[in-house]
Amino acid sequence: MIQNIDIDELEKKVNSTIKTGYCFLPEFKWEGDQEMIQSLVASKTKTYSAKHNLHDEYCQKTGIFKYLLPILQTKTKLLLNTSKNFDDIYQITRIVDQSEKGESYRTHFDSHLFTLVTPIQIPKIENSKDSGQLIVFPKIRQEPKNELKNILEKAYFKRYTSERAISKLKNKTKHVEIDLQDRTPLLFLGRQCLHCNRPFHSENGQHRITFLTHFFDSSPKWGLGQINRMLRQR
Ligand SMILES: [Fe+2]
């Protein structure tokens, strides 16, 4: 059964996301049990996997398809000043273990307009600054007017893929660091907010698991996002 959601409240939060770059959506929290977590870890063949059936079940049961999707569609028309009806969703399950050092500071913009990060398992790290926190630079750029601008800006921000470079950027630009420890989902503008994760150390060997639900790739068919996904075969 799909849970009931306060639509007006949800719409306000989406408006706030568009205005400030991000917003928390506790209504889409997912109480994944141990069995589910074990099943996710057992099915892991790579860090990122697309269209996991448990991810799809989460979107169905929490009402993401029924309630959040239509609001995002309406707001996207206003945001992009278009009559086009976007409906593409790209579900990625991210499962990281601490041996994956390459997962930190992979600073990037998403190809999709909105990204919902749903924490499934976030191992508690006492007194550590490195628990895979998400670092977000809200609306560090505007929605690119065309694909060439998108590509050039993505290339420009590639210089921030190290701890040192990110530290420098933090000193001069508004940013937030979100540890997701309370497992509240975060909605943000993936194309406008530069983002990356801190390194992740697990004291008890637990994996860090998040569902990344991406909404609407507004780039043309030959755009960077499409090409990247084709190459990765996700
Ligand atoms: Fe991303």
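Which residue meets Arg94 in a salt bridge? It is Glu103, with N and O 3.0 Å apart. By salt bridge I mean a side-chain nitrogen of Lys or Arg within 4 Å of a carboxyl oxygen of Asp or Glu. Arg94 is buried at 6% relative accessible area, and Glu103 is likewise buried, at 10%. Buried stands for under 20% relative accessible area, exposed for over 50%, and partly exposed for values in between, computed with a 1.4 Å probe on protein chains only.

Before I continue, please note that this is a predicted model, in which local features need pLDDT of at least 70 and side-chain atom pairs count only at pLDDT 80 or more, while totals for chains, interfaces and linings use all residues. Residues are numbered from 1 along each chain as its sequence is written, and side-chain values use heavy atoms, with hydrogens and water left out.

Let me stay with the charged pairs. The structure holds 12 salt bridges. One of them joins Glu31 to Arg183, with the closest N and O atoms 3.9 Å apart. This pair links distant parts of the chain, 152 residues apart: Glu31 is in the loop between strand S1 (22-24) and helix H2 (34-42), and Arg183 is in the loop between strand S6 (176-178) and strand S7 (186-189). Helices (H or I, at least four residues) and strands (E, at least two) are DSSP runs, numbered from the N terminus. Glu31 is exposed at 59% relative accessibility, whereas Arg183 is buried at 19%.

Another salt bridge is formed by Arg191 and Glu143, whose closest N and O atoms are 3.1 Å apart. Arg191 lies in the loop between S7 and strand S8 (194-197), and Glu143 in the loop between strand S5 (134-137) and helix H5 (147-157), so the pair ties together parts 48 residues apart in sequence. Both Arg191 and Glu143 are buried.

Lys170 brings us to helix H6, residues 163-172, where Ala165, Ile166, Leu169 and Lys170 are buried. They lie on the same side of H6, because they cover an arc of only 140° around the axis, the arc being that of the directions from the helix axis to the C-beta atoms. In general, an α-helix has 3.6 residues a turn, so residues three or four places apart point the same way. The buried residues of H6 pack against S5, S6 and S8, contact being heavy atoms within 4.5 Å. On the other side of H6, Arg164, Lys168, Asn171 and Lys172 are exposed.

I turn now to the metal site. Which protein atoms are donors of the iron ion? They are His108 (NE2), Asp110 (OD) and His195 (NE2), lying 2.1 to 2.2 Å from the ion. Donors are N, O and S atoms within 2.8 Å of the metal (3.2 Å for Na, K and Ca); water is not among the atoms, so sites may look incomplete. Along the chain, the donors follow the spacing H-x1-D-x84-H. His108 lies in the loop between strand S3 (89-96) and strand S4 (112-121), and His195 in strand S8, so the pair ties together parts 87 residues apart in sequence. His108 is partly exposed at 31% relative accessibility, while His195 is buried at 5%.

Finally, the cysteines. A search of the whole structure finds 0 disulfides, a disulfide being a pair of cysteine sulfur atoms within 2.5 Å. The sulfur of Cys193 is 12 Å from the closest cysteine sulfur, in Cys23, which is too far for a bond. Cys23 is buried at 12% relative accessible area, and Cys193 is buried at 0%.
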